[in-house]
Each structure stands twice: as structure tokens, then as C-alpha cells.
Amino acid sequence: MLYPLVCLGNPLLDLQVDVDADYLAKYDLKADDAILADEKHLPIYNEALNNKSLKLVAGGAAQNAARGAQYILPPKSVVYFGSVGKDVYAKQLNDANEQYGLRTEYQIQEDHATGKCAALITGHHRSLVTDLAAANHFKAAHLQKPENWALVEQAKYFYIGGFHLTVSPEAIELLGKHAAENNKVFSLNFSAPFIPQFFKDPLDRSLPYVDYVIANESEAAAYAESHDLADIKDDLVAIAKAVAKLPKANSKRLRVVTFTHGTEPTVTVTYNAEADSFDVKEYPVRPLQEGAVVDTNGAGDAFAAGFLASLVEEKSLEESVKVGQWAASLSIQQVGPTFPFPKQTYSA
């Protein structure tokens, strides 16, 4: 089967630079956070372009995950939708995706530049500042074009980057309804703490369609605080149970919530509505040799890539988590959200 996995998100060119804590403080930024740029942040992009440490890397959370999943899966397995400008930055994204064999079906914006993300690296931490630009103008109608909807109809798995909730909730609901009505697998990543904080309503409207929820510990805590669950904001299992038990459009599939937690164990909670019971598991992360970490930008996307690829290959939840952890460990030994060539394959 061609292109079993469809991904939707915000394609961005990452401007990755090394900075210090004072630089983050200058712009009121936090390590290991992700925000949309305000006007006060706009000088960062020119400063990044003039920074000697600058590395240009194809980015955008869901695009990173799509590229990583295609790295693991057989050729012609993954297609990615998003919106870009008609410029050299879009070409750089396409070139990077082609290296992995990822098929892109971009909506092209004549009047907006391709979006960019300043990935500000302090040691092993990153702070992401995004100017969505063209990515902010994606329309659900692009998915409904006959040639694109044919790709949607033949796919069996869908992955949404939570950042897209700021752009086109309509497109997410369109894919979610299709997946639920046709018993296909629908997955969504919270992506950043500000998504459950400031885009609570579109997130809540999308969650009934979601079979697999992926997030990290800070995103889980942000969800708890924005949903009157502040008393459990430090309890990943309790938050996962609350999310797993939310109403679900497709009752034929159990909902699985997966929370990563840096070097702490990955938590999964599966909810069986019929039995009103939870299956809770914890999976220790793969240890790395000291000094092996190059940078952690895109580690969560790499985990999602391995996890998604394993779902497509119909592996167990346990193996899906372990492949996700392997993919993350592979990526953090590279510069930015990338994977090594020649290709490596998973081994337990």
C-alpha cells in the first residue's frame, strides 16, 4: 500500500544558533519552551542569520516527524501537508524531504514567505521562536482537492502536529472525522505548553477524534493547569488517565496516551471504555554514553517518528515506544531534527 501515513503541520525552516542564557533573558524566553513570535522577537531572525554558529535545518514539528517516519518505513510510505511560500526556503525544505523520500503536497502561498523558526540552543536545551508566515495560511480546502483527498482516502494513519491547531482546526477536524468514520488511526501531539494553554478550545474539539495522544511532561502539566486539574499537574499518570477517558468518536479503538519525560521513563495509559479500566505502563529510556548528545532540538519529533512508523508496521505499543525512544536517541546525536546516513535500523 502506498502512503499509509498522512501528516499535517506547519513547515518551517529552522535557523539553529548557539546562544547563552543572557540572550534568552533579553527576549523573555525560556529554555526547552516553544512560542509564536511577538513583534519584540522579530530581530532574532536577522541576528540568527548573522550568527557564526548558524545552521539551516528543515523543521516544523510534524514535518520532522513525517521525515523521521519515512526514514524508518519503506519508500513511499509518508505524505506531508502544509503551507509554504514560493521562495528559496521552500526549495530547501523540499530538498531535505527528498533526501528522506518524504512526499510533500504543499499549499503554495504567493504573498507570504515560508515560515521560519529560531532554534536557540543553550547547551543541551533549546528554545523555539516561530514566525509562521506562509504556514499560517493553510486551508482545509487544499486537502479537499481531488488529487489530495485521494491520498487521504488511501491512508490508514494520520498524524497532526499540535502547532497546527493555531492555523486550521477545520483541517484537523476534517481528517479526524474521516478517520473516525472509517476506523483509521488518528494521532495528535500537543507539541508545546502554549497549545493546551492558549488554544484550549480547538484542542478540546479535536481530541474526540484522537486515538493516540503524544506529549511531554511540560505539555501534560500545561494541559492539567488549563483544564482545572492543577492538583495533579505533577502526576503524569493521573493526567494521562484524565485525557484517555475523554469522550471518543470512534469507539472501536481504545485511546492511548503517551507522555515522554526526558531521561525519565515514558508513560503510556490505555483506556478501555467498555470495562472502564486503565492499562498503565512505564518504559525506561535508552541510556546514551556521556558526551553523545549533540543537541535535543527535535527529540520529541523523532520519538513521534519512531512511534508512528511502528504503528504503521502494526507493532505492539511496547515496541512502538521503544522504537520511538531509539529514534529520539539517534536524532539527539545529530545536529537539529535529523537522522544519520547511511540509514540505521532499529535493534532492541
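Predicted model: local features only at pLDDT ≥ 70, side-chain atom pairs only at ≥ 80, totals over all residues.
User: How many aromatic pairs does the structure hold, and what is the angle between the planes of Tyr71 and Tyr100?

Analyst: There are 13 aromatic pairs in the structure. Tyr71 and Tyr100 make one of them, with ring centres 6.0 Å apart. The pair is tilted, and the angle between the planes is 50°.

User: How many residues apart are Tyr71 and Tyr100?

Analyst: Tyr71 belongs to helix 3 (residues 61-72), while Tyr100 belongs to helix 4 (residues 88-100). The pair links distant parts of the chain, and the separation is 29 residues.

User: Is Tyr71 buried or exposed, and what about Tyr100?

Analyst: The cut-off for buried is under 20% relative accessible area. Tyr71 has 2%, so Tyr71 is buried. Tyr100 has 6% relative accessibility, so Tyr100 also counts as buried.

User: Why is the pair of Tyr80 and Tyr106 edge-to-face, and how many residues apart in sequence are the parts that the pair ties together?

Analyst: The ring centres of Tyr80 and Tyr106 are 6.3 Å apart and the planes meet at 90°, so the pair is edge-to-face. Tyr80 sits in strand 5 (residues 78-85) and Tyr106 in strand 6 (residues 103-109). Tyr80 is buried at 0% relative accessible area, and Tyr106 is buried at 9%. The parts tied together by this pair are 26 residues apart in sequence.

User: Which residues do ring pairs link into a cluster with Tyr71, and which residue lies over the face of Tyr71?

Analyst: Ring pairs put Tyr71 in a cluster with Tyr100, Phe339 and Phe341. There's also a charge over the Tyr71 ring, at 5.6 Å from the ring centre. That residue is Lys343.

User: How far is the charged end of Arg103 from the centre of the ring of Tyr3?

Analyst: Arg103 places its charged end over the Tyr3 ring. The distance to the ring centre is 5.0 Å.

How values were computed
Residues numbered from 1 in each chain as written. Heavy atoms only, no water. Phe/Tyr/Trp six-rings, centres within 6.5 Å; stacked < 30°, edge-to-face > 60°. Helix = DSSP H or I, 4+ residues; strand = E, 2+ residues; numbered from the N terminus. Buried < 20%, exposed > 50% of the residue type's maximum accessible area, 1.4 Å probe, protein only. Lys NZ or Arg CZ within 6 Å of the ring centre and 35° of its normal.
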